[in-house]
Amino acid sequence: MSENMKVTNLSDLERVQAEGLTTLFPEKDVKFTIGEASCGISTGAGKVHAALVEERERTESPIVLAATGCLGFCQREPLMDIMAPGQGRVVLRQMTPEVAVRLLNNPDDDKLKRRWVMGRIEDEHNLIQDIIHKYDESAQSDIVANLPSINDVPFFKIQFKIAMRNCGLIDPVDIRHYIAMGGYRPLLQAVTGMEPEAVIDEMLVSGLRGRGGGGFPAGRKWASCRKSRGELKYVICNADEGDPGAYMDRSILEGDPHSVIEGMIIGAYAIGAREGYIYCRNEYPVAVRTLNHALAQAREYGLLGQNILGTGFDFDMIVTRGGGAFVCGESTALMASLEGKIGEPRGKHIHTVEKGLWYRPSNLNNVETWANVPVIVARGGEWYASIGTAGSKGTKVFSLVGKVNNTGLVEVAMGTTLRQIVFDAGGGVTAGKEFKAVQTGGPSGGCIPASLLDLPIDYEQLKATGSIMGSGGMIVMDEKDCMVDVAKYFLDFTRDESCGKCTPCREGTLRLMEMLEAITEGRGQEGDIDKLIKMSG
């Protein structure tokens, strides 16, 4: 890209947005889009794409082929959708190379679409600008018109997508698609029309709490970091997603990396940072590759690096890969790892907003938190605060896994009940078994029994049950699952992953594991249960 093509103002953004819209929503060409996040790739999406490329070359078909991230319904991967003039957008499930090729040669085959359909999408919501893009359905056949709406599919019916607003729609390696959906307008709004303190005020009003597990108010953290003394400050993204069964952050990075990048740039402007890091676990190669490509595009368009948007504001960031140690999900251990040291936590009496990375003021939030930031700036803190519960605002992405019929990612408003998530979106327990419990919060969380299925999910309610929100993993268990085995599994995990610096973790998990092993091997003694409860308290 030449220098004069860089984005410096609203007119430039509108120009790029127009370019993006022409390829995101082609008016004349038929477009096939394949979900190629990790979940899609693992179930054969790459073979589907390769078969389509080969057939298109053989037949010299004018059909457009594109890739996208995860729509969320991982149970039905590989997903493929067809956008055809006059027929809207039809999402097809469990696609195979053979069926995809048949559809490429006859994209109007309504009977084939009906056989593999998951749902029809009538419109797309540009959440940033609050604009609805409606698909032209004027020439639809009766069969296509009668396909079920995606909004009536139980898995999607209860969802409200903010963090995952673009996942499954845009091409994550084409910055123009992100801008087509309003991307980088909030950044322009912040750096040209708001003082840093005003950005922080919107974050405070929004009530956004850290989605990495702790639930600390993001606005308060930003305000503290801005007030901290130091010429050099850092913003950091925690993408070291280590909870068993959790993969929300990975899917956002693979499907909409610019939402995180834009959020971090806005955060850097607000607190006065000039450097940033995305700490991503090495087990996420697709996310790392997608992120690095997105960062290069953002620099190319003048949205990252020197003199961002022509305002004189300088900020850049890099991706750093972690080795996969669970403890590096903790902020101070993560920062130690970034410094090239062993990933070990340090005492909490030293706040990272004052002395964090290299003992300089540092603001760390996780992937999902950063992805919410552009929407909050665009729509306002009050709008965001109108969603959710009194103490837990906005939405939360959960990875629904285990003994549940519909596994995948579910983004719902805070306050949605467990029953709605497991039985409405999740379709209930597999094989007709009885629901026993759902484990939330990762190894530090707990198991919520059937008697609490109507519990509204937010930070306070989960804490009251003895569990936590954590990063958002939900593992469903049925009547056949043994809770002792579940406890042993997570204790074994925490014992192996402990850094060993504090006695309760180093010694406590070992003693608890010894007692559980004795009980399950018939060597239990009277009073062991009381000891387990006392030690766990």
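## A loop, a helix and their surroundings

Modeller: Cys-328 is located in the loop that runs between S11 and H15. The model is a predicted one, in which local features need pLDDT of at least 70 and side-chain atom pairs count only at pLDDT 80 or more, whereas totals for chains, interfaces and linings use all residues. Residues are numbered from 1 along each chain as its sequence is written, and side-chain values use heavy atoms, with hydrogens and water left out. The labels S and H stand for strands (E, at least two residues) and helices (H or I, at least four residues), which are DSSP runs numbered from the N terminus.

With a relative accessible area of 5%, Cys-328 is buried. Here buried means under 20% relative accessible area, exposed means over 50%, and partly exposed lies in between, with a 1.4 Å probe and protein chains only. Leaving aside residues up to four places away in sequence, Cys-328 touches Asp-240, Tyr-279, Ala-333, Leu-334, Ser-337 and Gly-343; a contact requires heavy atoms within 4.5 Å. The C-alpha atom of Cys-328 is separated by 38 Å from that of Glu-526, a residue 198 positions away along the chain.

After H15 comes Gly-340, which has a positive phi near 90°.

Further along, Tyr-359 occupies the loop between helix H15 (331–338) and strand S12 (362–366). Although Tyr-359 is not a glycine, its phi is positive, at about 60°. Its relative accessibility of 47% makes Tyr-359 partly exposed. Asn-307 also has a positive phi without being a glycine, with a value near 55°. Asn-307 belongs to strand S10 (residues 305–308), and at 40% relative accessibility it counts as partly exposed.

Pro-78 lies in the loop between strand S2 (64–68) and strand S3 (80–84), and the peptide bond joining Glu-77 and Pro-78 is cis, with omega about -5°. Leu-452 is placed in the loop between strand S16 (446–449) and helix H19 (459–464). Leu-452 is partly exposed, at 31% relative accessibility. Apart from residues up to four places away in sequence, Leu-452 touches Leu-418 and Thr-465. Between Leu-452 and Ile-261 there are 38 Å in space, C-alpha to C-alpha, and 191 residues in sequence.

The cysteines also deserve attention. The structure holds 0 disulfides, a disulfide being a pair of cysteine sulfur atoms within 2.5 Å. For Cys-39, the closest cysteine sulfur is that of Cys-70, at 3.5 Å, which is too far for a bond. For Cys-167, the closest cysteine sulfur is likewise in Cys-70, at 7.4 Å, again too far for a bond. Cys-39 is buried at 10% relative accessibility, and Cys-167 is buried at 3%.

Finally, the whole protein provides the setting. It contains 23 helices and 17 strands. Its radius of gyration is 24 Å, close to the 24 Å that the globule rule gives for 537 residues, so the protein is as compact as a globular protein of that length. That radius is taken over C-alpha atoms, and the rule is 2.2 Å times the number of residues to the power 0.38. The C-alpha trace spans about 75 × 60 × 40 Å along its principal axes. Of the 537 residues, 57% are buried. Among contacts with a separation of 6 or more, 71% are between residues 24 or more positions apart. The accessible surface comes to about 21,900 Å², of which 50% belongs to carbon and sulfur atoms; such areas come from the Shrake-Rupley method with a 1.4 Å probe, and for residues only the protein chains shown count as cover.
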